[in-house]
Amino acid sequence: MLTEKIVVSVLVRKPVELVWSKWLHAIELAQSCTPYDGWHCRQASNDLREGGHFHFRMEEENGKEGLDVAGRYDTITPLQLISCTLTDARSLTIEFQPIDENTIIRKSITPHPSRSLQVQQTDCQTILERFKEYVEKAP
């Protein structure tokens with residue numbers, strides 16, 4: 001298993017309370033939880049509490065290729081931090097940092113050993129960028 005982490009971040013031009021509320025709900029995350037054009041999030045569940053589980057099934061609209069992201073929440077500090085363990089034992093941490101009426105989201109994940117590090121980095125950044133776009137369009 002690789003010890004290096006993938007770290008991506010994005011500045012969302014909305015207050016941390018709104019950003020956090022969008023992250024809480026599976027339906028909100030599903031709107032932006034895809035790394036590629038022509039993909040959608042077919043299934044989404046998100047029980048954001050310590051010990052709670054999440055599962056997102058992202059796939060091509062034609063169903064030929066897909067990706068599951070699932071795991072268990074380990075630590076949650078509301079409006080600040082989410083730490084979880086993916087089903088394949090990799091770790092994922094998401095930090096929310098308020099700056100005035102904006103929010104920096106920083107995501108750190110242990111890379112999957114069988115996938116290109118560059119592809120994983122790009123996918124993680126793209127998903128965060130799509131989430132940013134979705135949240136910034138929210139009223």
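**Notes on the sheet, its helices and an aromatic cluster**

1. Strands pair here if DSSP finds at least two bridges between them; strands (E, at least two residues) and helices (H or I, at least four) are DSSP runs, numbered from the N terminus. Within this pair, H53 sits opposite R72 of β4.

2. A word on the basis: this is a predicted model, in which local features need pLDDT of at least 70 and side-chain atom pairs count only at pLDDT 80 or more, while totals for chains, interfaces and linings use all residues. Numbering starts from 1 along each chain as its sequence is written, and side-chain values use heavy atoms, with hydrogens and water left out.

3. The whole sheet is open and has seven strands in the order β1-β7-β6-β5-β4-β3-β2, paired antiparallel. Because β1 (6–12) and β2 (39–46) stand at the edges with a single partner strand each, one side of each has no neighbour in the sheet. On average, neighbouring strands are turned by 20° against each other, direction ignored. Axes are lines fitted to C-alpha atoms, for helices over the stretch in contact, and angles run from 0 to 180 degrees between N-to-C directions.

4. Helix α1 (residues 16–24) touches β1, β2, β4, β5 (81–86), β6 (91–99) and β7 (102–109), and its direction makes about 150° with that of β6. Helix α3 (residues 117–137) touches β1, β3 and β7, at about 20° to the direction of β1.

5. W20 and F96 are edge-to-face, 5.1 Å centre to centre with 75° between the planes. Since W20 lies in α1 and F96 in β6, the pair ties together parts 76 residues apart in sequence.

6. W23 and F131 are edge-to-face too, with centres 4.8 Å apart and planes at 75°. As W23 belongs to α1 and F131 to α3, this pair ties together parts 108 residues apart in sequence. Ring pairs link W20, W23, F96 and F131 into a cluster.

Terms used. Contact means heavy atoms within 4.5 Å. Rings of Phe, Tyr and Trp (its six-membered ring) pair if their centres lie within 6.5 Å; planes under 30 degrees apart count as stacked, over 60 as edge-to-face and the rest as tilted.
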